Amino acid sequence: MSEPAIVTHDLQKIYPAARAVDGLSLNVPAGAVYGFLGRNGAGRTTTMRLLLGLARPSAGSGRVLGLDIQRDRLAILQRTAFVGERKMLYESLTARQLVRFTASFYASWSHQAVEKYARLLEIPMTQRLSKLSHGNRTKVCLLLALAQGADLLVLDEPTSALDPIMIDQALRTLLEDHTAEGRTIFFASHHLAEVEQIADWVGIIDQGKLLLEARLEDIKNEFRLIIAAGNNLPASTSSQIISTVPSDRFRRYVVARQGEVFAAGLRSQGAEIVEISPLTLREIFLALLKKEEPCTPGNTGVTPALVS
């Protein structure tokens, strides 16, 4: 089995006013497209900065492409392409000039890729960057990342300000051109439909803690919405029950695993099962953020005490 592209153990970043990252243990398989999800302020951007050596951890450890995040920062940056949430560019240059400047830093730079992605993403290469729209600035940042030939792409809101056509083009480019070559993509996005479109692994973070990490297929196979009718329906919130919402004689349960078994238990107590249905990633995300117990990486909805 190949070494994970990213692995952290009890990673922490503590500021005077907050714990931005609080005991984070990630395991990102090599070659995965990993969607890193969370609300604003959840710790996603800080985690990315720690992984790239742009910030120092307060405690814990991490390895990126087999390299230590504290000792091997330069080596990690040489093999990683990063697009940050803030698209910072040299305003006085054109996109073409910025490409020539950037290419000199990367031995694996592909000028052929530059021409390909400039065409696909419809980038005005001869216009000064100060004159570009937010969407075009995003496309320039993606172009620079894609042309590096990096083993790992770390992308923070990579489709911000793009129109729907360009979003689709960018996602298809990431999926078809880079995962096909065995490269790893670790990206954060608020657009859960985009994550669902291309990710094969998902991690959800809240208040610096990892709530869930698992294959997207496994998450969608396990999580179920169960609507039951009856009197005195249980309102317990075990690790299996992610959320429960009462409404008149009905109660809506979001269950992390063994939905049919849970429904059978309700029937044995006299409840009528009105519906058992799968959930979208968006619905799972919204339900899971109400869960207090963190989950064990690689196990959907399972708290550490209940892992067999």
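**Note on the predicted model: pockets, cores and ring pairs**

1. In the second largest pocket, α10 contributes the most to the lining, with three residues. Three elements, β13 (241-247), β14 (250-255) and α10 (281-288), each supply at least two residues of its lining.

2. The lining of the second largest pocket consists of L225, S243, V245, R252, V254, L279, E283, L286, A287 and K290. By class, these residues divide into six nonpolar, one polar and three charged.

3. The structure also holds one cavity of 30 Å³ or more. The volume of the largest cavity is about 30 Å³. L121, L142, L146, A170, T173 and L174 line the largest cavity. Five of the lining residues are nonpolar and one is polar, with no charged residues.

4. Two helices deserve mention for the largest cavity: α5 (134-146) and α6 (164-178) each supply at least two residues of the lining. Of the elements involved, α6 gives the most, with three residues.

5. The largest nonpolar core has 62 residues, and V140, V202 and F223 are those with the most contacts inside it. Helix α5 provides the largest share of this core, seven residues.

6. A search of the whole structure finds six aromatic pairs. One of them joins F36 and F186, whose rings are tilted, at 5.0 Å centre to centre and 35° between the planes. This pair links distant parts of the chain, with F36 in strand β4 (residues 33-37) and F186 in strand β9 (residues 184-188), 150 residues apart. Both members count as buried because the relative accessible area is 0% for F36 and likewise 0% for F186, where the cut-off for buried is under 20%.

7. A further aromatic pair is formed by F101 and F105, and its geometry is edge-to-face: the centres are 5.3 Å apart and the planes stand at 75°. F101 is classed as partly exposed because its relative accessibility is 38%. F105, at 56%, counts as exposed.

8. The C-alpha atoms of V33 and H178 are separated by 9.7 Å, although the two residues are 145 residues apart along the chain.

9. Where is E157 found? E157 is located in the loop between β8 (152-156) and α6. The relative accessible area of E157 is 7%, and this residue is therefore buried. The side chain of E157 is joined to that of H190 by a polar contact of 3.0 Å. The placement of E157 in a loop is thus to be read together with its burial and with its contact to H190.

10. Why is helix α1 (residues 44-51) described as largely enclosed by the rest of the structure? The description applies because six of the eight residues of this helix are buried. The buried residues in α1 are R44, T46, T47, M48, L50 and L51. Just after α1, G53 takes a positive phi of about 75°.

11. For the second largest pocket, α10 is the element that gives the most to the lining, and the lining includes three charged residues. For the largest cavity, α6 gives the most, and the lining has no charged residues.

Terms used: Residues are numbered from 1 along each chain as its sequence is written. This is a predicted model: local features need pLDDT of at least 70, side-chain atom pairs count only at pLDDT 80 or more; totals for chains, interfaces and linings use all residues. Side-chain values use heavy atoms; hydrogens and water are left out. Rings of Phe, Tyr and Trp (its six-membered ring) pair if their centres lie within 6.5 Å; planes under 30 degrees apart count as stacked, over 60 as edge-to-face and the rest as tilted. Helices (H or I, at least four residues) and strands (E, at least two) are DSSP runs, numbered from the N terminus. Buried means under 20% relative accessible area, exposed over 50%, partly exposed in between (1.4 Å probe, protein chains only). On a 1 Å grid over the protein atoms alone, a cavity is a set of points where a 1.4 Å probe fits but cannot get out, and a pocket is an open set with protein on both sides within 12 Å along at least five of seven lines; lining residues have an atom within 4 Å of a point. Grid points are joined across faces, edges and corners, and a volume is the space filled by probe spheres set on the points. Ala, Val, Leu, Ile, Met, Phe, Trp, Tyr, Cys and Pro count as nonpolar, Asp, Glu, Lys and Arg as charged, and the others, Gly among them, as polar. A nonpolar core is a set of buried Ala, Val, Leu, Ile, Met, Phe, Trp, Tyr and Cys residues joined through side-chain atoms within 4.5 Å. A polar contact is a pair of N or O atoms within 3.5 Å; within protein, one must be able to donate a hydrogen and the other to accept it, and residues adjacent in sequence count only if both atoms are side-chain atoms.
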